[in-house]
Amino acid sequence: MDWGIQNRLSRIIKPDTGRTVMLAVDHGYFLGPTHRLEKVYATVEPLMGYADALMLTRGILRSSIPAKSSVPIVLRVSGGSSIIGEDLSNETIMTSMEDAVRLNVSAVALSIFVGSDYEAQTLENLAILVDMAQEYSIPVLAVTAVGKELEKRDSRFLALSCRIAAEFGASLVKTYYCDEFEKVVESCPVPVVIAGGPKLETELDAFKMAHDAIQMGAVGVDMGRNIWQNDHPVGMIKGVRAVVHENASPEEAYEIFASYKVS
Ligand code: 5RP
């Protein structure tokens, strides 16, 4: 792997633990003003010190994140559909690599929609993005299965999607936790992180999901709503960090969270 790609990846996946806690705040790219992300910086500012990377679009980066901040950026570059449109999978590449370089990003991110009407288009997007990004040694994060695809949250579908993403040259893959998650990780030759998905019923459920994913081989999380839609987001991200970087149990993570709840 090229030195530049390795170096950028090591900003995101921390070399001392080999793991990462990425904070995803890119939801507006198809959901618009998502609950608790209406004013992005108000939500993100208290969490920045605990995030190993921030995943977002260039519009939110330029408008809402201070340029002096040192958190590594994973730039969402795919899009073109919305929650009220016909098909969420009808995405293209929306940001040039030159602009990603100007923004000094550590990686670029794009969704693929395996099994959808736009499967071929989104896989071609990935192939084109990998070619563009290789020119500048920027890693590509492929995001598998979003929106309606979440109905297919099973290991056969997610292993298929993750493996295809790796085959097309993604340096890192983001997917969803599922039963037999180890099968997804084992057959994917590049590191895997999990999204959190919609806010779970309890904090313990979120810590348990992160814990199980890590124990089954994920290198971390790229989590959004289960952190910043919580009334105590700092407690949540600190609990998740303990699970990811210190192998804490879900219960230990909950104790960390609970200490923020009372303060
Ligand atoms: C959507 C994304 C989001 O970043 C992803 O879903 C992570 O956020 P959450 O934990 O809220 O699901 O990539 O395509």
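A residue counts as buried here if 20 or more other C-beta atoms lie within 10 Å of its own, as exposed if 12 or fewer do, and as partly exposed in between, with C-beta atoms placed from the backbone. Helices (H or I, at least four residues) and strands (E, at least two) are DSSP runs, numbered from the N terminus. What you're looking at is a predicted model, where local features need pLDDT of at least 70 and side-chain atom pairs count only at pLDDT 80 or more, while totals for chains, interfaces and linings use all residues. Residue numbers start from 1 along each chain as its sequence is written.

View 1. H6 takes in residues 119-134. Its 16 residues reach 23 Å from first C-alpha to last, close to the 22 Å expected at 1.5 Å a residue (the expected span is 1.5 Å times one less than the number of residues). Look for the buried residues Thr-122, Asn-125, Leu-126, Leu-129, Val-130 and Ala-133. They sit on the same side of H6 because they cover an arc of only 130° around the axis, the arc being that of the directions from the helix axis to the C-beta atoms. In general, an α-helix has 3.6 residues a turn, so residues three or four places apart point the same way. On the face turned away from the buried side, you'll find the exposed Ala-120, Ala-127 and Asp-131.

View 2. Glu-135 belongs to the loop between H6 and E7. Why is Glu-135 exposed? Because it has 10 other C-beta atoms within 10 Å. Val-185 is 50 residues apart from Glu-135 in sequence and 28 Å apart in space, C-alpha to C-alpha.

**View 3. The barrel of eight strands.** The strands close up in the order E1-E2-E3-E6-E7-E8-E9-E10, with parallel pairing. From one strand to the next, the twist averages 25° (axes are lines fitted to C-alpha atoms, for helices over the stretch in contact, and angles run from 0 to 180 degrees between N-to-C directions). Two strands pair if DSSP finds at least two bridges between them.

**View 4. Strand E8 and its neighbours.** E8 covers residues 172-175, and both its faces are covered: Leu-172 and Lys-174 on one side, Val-173 and Thr-175 on the other, all buried. Strand E7 (residues 140-144) runs parallel to E8 over three bridges, and Val-143 has Lys-174 as its bridge partner. Three bridges also join E8 to E9, again parallel, with Thr-175 partnered by Ile-194.

**View 5. Around the ligand.** The ligand is surrounded by 15 residues, the closest being Ala-24, Ala-195, Gly-196, Gly-224 and Arg-225 (a residue is near a molecule or strand if its C-beta atom, placed from the backbone, lies within 6 Å of it). Strand E10 (220-223) and helix H10 (225-228) each give two or more residues to this shell.
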